[in-house]
Amino acid sequence: MAFELPPLPYPTNALEPTIDAKTMEIHHGKHHAAYVNNLNNAIKGHADLESKSALDLIKNLDAVPEAIRTAVRNNAGGHVNHSLFWTLLTPGGSSAPTGKLADDITAKFGSLADFKTKFEEAGVKRFGSGWVWLVKKGGSLEIISTPNQDNPQMAEYAATPIFGNDVWEHAYYLTYQNRRPDYLKAFWTVLNWDEVAKQYI
């Protein structure tokens, strides 16, 4: 069955002024749609791959024929990353973590403020295009960054994503231009910690 672009769970202007409507239209309707279309084209005719989820594909890239492995890595990764990303952004929701997630962030990073600083620094230092993530690995929280559309659940990272921020220029350039640090700082105003907590099991 062909992969499909999931609808945004809110209007394209819902995250303004942090993320403008035009960026959302392009990011979701053009970039994410292209990952879906390219993934469908890459696996067309491979019945064994067509029956798998995008997450299964990226978790088991060695099972993907070498001729299409890079295309599957990039486009299935992009589909998985963005499908999660949209669900964690909101014009409302909790502005800070609560419960066990809050406790574990404080225990690992010192405070929520310290965590945010380290997360932003990792996003700034990601050279070129990629993502910055809070992940759970080996029973512990970690901040990592991945290149391009790599996902933490790929074998070489072996981590479970809690949430991530897209630091490709297409995610922020219309509003922030080259000011990635400003975008990373503004991101907290649209991150819904209620939804993030659902990833932390």
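User: Let me start with helix H6. Which residues are exposed on the other side of H6?

Analyst: Ala113 and Lys125 are exposed there. One caution before we go on: this is a predicted model.

User: The other side from what? Which residues of H6 are buried?

Analyst: Buried means under 20% relative accessible area, and exposed means over 50%. In H6 the buried set is Phe115, Lys116, Phe119, Glu120, Ala122 and Gly123. They span an arc of only 160 degrees around the axis, so they sit on the same side of H6.

User: What covers the buried residues of H6?

Analyst: Several elements take part. Among the helices are H5 (99-109), H8 (180-186) and H9 (193-199). The strands S1, S2 and S3 also belong to the cover.

User: Now H5. Which of its residues are buried?

Analyst: Leu101, Ala102, Ile105 and Phe109 are the buried residues of H5. Their arc around the axis is only 100 degrees, which means they lie on the same side of H5. Lys100, Asp103 and Ala107 are exposed on the other side.

User: What do the buried residues of H5 pack against?

Analyst: They pack against H6, S1, S2 and H9. Look at what comes after the helix, too. Gly110 follows H5, and its phi is positive, near 100 degrees.

User: On to the sheet. In what order do the strands lie?

Analyst: Begin with the general idea. Strands of a sheet pair through backbone hydrogen bonds, either parallel or antiparallel. Here three strands make an open sheet, ordered S2-S1-S3, with antiparallel pairing. Strand S2 (140-147) and strand S3 (160-166) are the edge strands, and each pairs on one side only. From one strand to the next, the twist averages 20 degrees.

User: Where does H6 sit relative to that sheet?

Analyst: H6 (residues 112-125) packs on the sheet and touches S1, S2 and S3. The direction of H6 makes about 135 degrees with that of S1.

User: How many bridges join S1 to S3?

Analyst: Six bridges join S1 (residues 130-137) to S3, and the two strands run antiparallel. Trp133 stands opposite Gly164 in S3. Val132 stands opposite Asn165 in S3.

User: And over how many bridges do S1 and S2 pair?

Analyst: Over eight bridges, in the antiparallel sense. Val135 has Glu142 in S2 as its bridge partner. S1 and S2 form a hairpin with two residues between them. Gly138, in the turn, has a positive phi of about 60 degrees.

User: Is S3 enclosed or open to the outside?

Analyst: Count the buried residues. Six of the seven residues of S3 are buried, so S3 is largely enclosed by the rest of the structure.

User: Which residues form the aromatic cluster?

Analyst: Phe109, Phe115, Phe119, Phe163, Phe187, Trp188 and Trp193 form one cluster. Phe109 is also one of the buried residues of H5. Phe115 and Phe119 are among those buried in H6. Searching the whole structure gives 18 aromatic pairs.

User: Which residues other than glycine have a positive phi?

Analyst: Take two examples. Asn148 is not a glycine, yet its phi is positive, about 55 degrees. Asn148 lies in the loop between S2 and S3. Its relative accessible area is 39%, so Asn148 is partly exposed. Gln177 has a phi near 50 degrees, also positive. Gln177 is in the loop between helix H7 (173-176) and H8. Gln177 is partly exposed, with a relative accessible area of 29%.

User: Where is there a cis peptide bond?

Analyst: Check omega. Between Glu16 and Pro17 omega is about 5 degrees, and the bond is cis. Pro17 lies in the segment before helix H1 (21-43).

User: Last one. Is Lys198 buried or exposed?

Analyst: Lys198 is exposed, at 52% relative accessible area. Lys198 lies in helix H9. From Tyr173, Lys198 is 25 residues apart in sequence and 29 Å apart in space, C-alpha to C-alpha.

Methods
Residues are numbered from 1 along each chain as its sequence is written. This is a predicted model: local features need pLDDT of at least 70, side-chain atom pairs count only at pLDDT 80 or more; totals for chains, interfaces and linings use all residues. Side-chain values use heavy atoms; hydrogens and water are left out. Two strands pair if DSSP finds at least two bridges between them. Helices (H or I, at least four residues) and strands (E, at least two) are DSSP runs, numbered from the N terminus. Axes are lines fitted to C-alpha atoms, for helices over the stretch in contact, and angles run from 0 to 180 degrees between N-to-C directions. Contact means heavy atoms within 4.5 Å. Rings of Phe, Tyr and Trp (its six-membered ring) pair if their centres lie within 6.5 Å; planes under 30 degrees apart count as stacked, over 60 as edge-to-face and the rest as tilted. Buried means under 20% relative accessible area, exposed over 50%, partly exposed in between (1.4 Å probe, protein chains only). The arc is that of the directions from the helix axis to the C-beta atoms.
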